[in-house]
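Please examine the sequence and the structure shown below. The paragraphs that follow consider the form of one chain and then its contact with a partner.

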Amino acid sequence: MTVGKNLWVIILIKLFILFVILRLFFFHDYLGSKFTSEKDKSNYVIEQLTK
Amino acid sequence: MEHIDFSLVNWSRAQFALTAMYHWLFVPLTLGLSFIVAFMETLYVRTGNPEWKRITKFWMTIFGINFAIGVATGIILEFEFGTNWSNYSWFVGDIFGAPLAIEGIMAFFLESTFIAVMFFGWNKVSKKFHLLSTWLVAIGSNLSALWILVANAWMQNPVGMKFNPDTARNEMVNFWEVLFSPVAINKFLHTISSGYVLASIFVIGVSAWYLLKNREHLFAKRSIIVAATFGLVTTAFVVLTGDGSARNMAKYQPMKFAAMENLYVGVQNAPLVAIGILKEDAKEASHKKQDFRFEIEIPNMLSYMAFLDPNAYVPGIKDLVHGNPERQILSYKEKSELGKIAITSLAEYKNAKNAGNDSLANAAKIRFEENYSYFGYGYYAGRDVHELIPSVATTFYSFRIMVGLGVHFGLLFLVVLLLTVKDKIAKKRFILYTMLWSIPLAYIASELGWVVAEVGRQPWVIQDILPTIAAVSQLKPASVQITFWMFFLIFTALLIAEIKIMTKQIKKGPGEDESSTKSASVNN
């Protein structure tokens with residue numbers, strides 16, 4: 001396999017791991033997964049910062 | 001903030017440090033090699049000598065390997081912001097988002113569009129358009145670095161924003177103040193120029209390997225001439241911008257500056273410890289105060305470095321922690337009390353707003369705004385304020401090793417350049433081995449620069465405003481540990497792949513171009 005093909009394979013595997021496996025299964029948007037509105041998110045953060 | 005899970009905070013910090021340090025293994029070579037390749041191709045276009053084309057294409061392949069394996073590793077840092085540091089992500093709001101969005105739209109597209117021409121456009125576009133593409137890739141790569149470094153500089157010196165207590169977000173009020181803050185400008189220039197030095201060391205190191213193997217003499221010598229010249233000029237620039245960094249640090253992050261110098265008691269005419277060995281002072285174990293077992297000082301140098309005045313007073317760790325009324329320095333205890341007022345006022349403001357009591361809300365808002373600059377200290381009210389001292393030994397040694405290696409690189413570029421110009425380099429095997437073994441040293445120096453910048457500012461995520469203990473998401477420490485080890489495996493695999501592919505390509509050598517190398521030797 002040429003160096004170019006090797007690199008394309010690595011890029012594709014890496015992007016799959018990063019954007020499919022890690023993003024979908026391990027790295028949820030913490031506030032986005034708990035709250036739907038911006039107001040709820042800000043209330044939560046204020047509560048966290050002032051508790 | 002009474003119940004702090006330090007296991008969670010420390011694992012989240014460790015994960016961020018791990019990903020940032022691995023990411024930084026790829027970035028500086030991209031930043032520097034892109035310009036070195038552009039210089040080489042310029043020489044090819046100007047002279048028409050096919051040997052320069054062969055040289056350009058080889059280093060372009062090395063650039064391509066590093067770029068392909070390193071690209072998108074930084075995106076994980078953004079994942080971590082949203083997951084592990086959600087309070088922080090919300091709190092910084094558009095201040096962080098705007099520079100990163102500009103990076104994505106402007107620099108990344110510029111870079112990725114022209115990188116295709118650079119790699120696949122040989123003999124398909126004109127020489128001049130190809131050269132332009134190579135330069136635009138170099139400029140685009142470095143512009144990408146600008147925006148992320150502006151965001152980092154804002155965390156070290158938060159300016160150009162106003163906190164909105166209704167949304168709990170910092171809102172940008174002056175984009176130019178954020179972009180042109182002295183910390184941002186200096187950080188950008190210092191960081192990219194350190195990348196140029198690393199790439200120059202990489203090129204002369206690989207070229208030295210060819211000379212040691214008695215291969216590709218012309219290729220190696222020409223590569224050395226370009227890289228050593230670039231490295232020598234940019235080392236001088238790194239020294240200049242490093243000097244600027246020290247002054248910014250003394251002004252905006254005096255604790256980091258004092259820790260970096262192991263300066264416990266502030267003095268006028270402060271000397272700089274050029275070389276020193278620390279030992280822990282048992283008498284003040286609670287501070288983990290370090291004394292010097294051995295030191296070599298340069299008189300007045302620290303005062304000059306910090307304030308361009310050899311007689312200037314430089315505050316020490318003790319002055320910053322316990323205060324110094326003579327010098328109008330508030331103690332951390334006083335600051336933590338003011339910060340506590342800010343935190344309590346924010347809660348009162350929110351409660352009064354919810355209750356519809358506008359007069360109470362306005363009074364709380366005024367109190368909050370008066371004390372906002374101490375907001376982060378409020379989390380240490382009632383706690384041991386010594387938690388606000390970063391690791392002195394880590395910062396002290398990292399700085400000295402980085403500077404020592406920087407001096408080594410500068411001298412090496414000078415010696416190597418002179419020997420190559422006199423055509424004596426191939427016989428100096430000790431110098432050739434030094435060039436080769438300086439490659440890992442360049443990576444160590446580059447990483448240590450970040451250690452000084454980031455460990456030295458602990459515990460702040462945003463200087464004086466948000467510490468790590470308040471910025472972290474309330475996750476289970478075990479989940480952060482799992483992803484920590486996952487990243488460790490992924491990045492290690494990428495690093496092994498990079499080293500393997502690169503060494504294979506280097507062993508293979510520049511090879512023959514479609515243009516005959518015979519004509520190159522004629523033109524030599």
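In this predicted model, chain A has a radius of gyration of 19 Å, whereas a compact globule of 51 residues would have one near 10 Å. Chain A contains 3 helices and 0 strands, and from the N terminus on its elements follow the order α-α-α. Of its 51 residues, 18% count as buried.

The next topic is the contact between chain A and chain B. To this contact chain A gives 25 residues and chain B gives 30. On the side of chain B that touches chain A, at least two residues each are supplied by α2 (50-70), α3 (75-84), α4 (86-92), α13 (332-355) and α18 (477-508) of chain B. The largest share of that side, 6 residues, belongs to α18(B). Sorted by class, the residues of this side of chain B are 19 nonpolar, 10 polar and 1 charged.

One pair of helices may now be followed in detail. Where do the axes of helix α3 of chain A (residues 38-50) and α13(B) stand relative to each other? They come within 9 Å and cross at roughly 145°, and the crossing of α3(A) and α13(B) is left-handed. From α3(A), the residues I46(A), L49(A) and T50(A) take part, and they meet I343(B), L346(B), A347(B) and K350(B) in α13(B). By class, this contact of α3(A) with α13(B) comprises 5 nonpolar, 1 polar and 1 charged residues.

Key:
Residues numbered from 1 in each chain as written. Chains lettered and ligands numbered in written order. Predicted model: local features only at pLDDT ≥ 70, side-chain atom pairs only at ≥ 80, totals over all residues. Helix = DSSP H or I, 4+ residues; strand = E, 2+ residues; numbered from the N terminus. Rg over C-alpha atoms; globule rule 2.2 N^0.38 Å. Buried ≥ 20, exposed ≤ 12 C-beta atoms within 10 Å, placed from the backbone. Contact = placed C-beta atoms within 7 Å. Nonpolar A, V, L, I, M, F, W, Y, C, P; charged D, E, K, R; others polar. Axes fitted to C-alpha atoms, helices over the stretch in contact; angles between N-to-C directions. Left-handed = near helix turned anticlockwise from the far one by under 90°.
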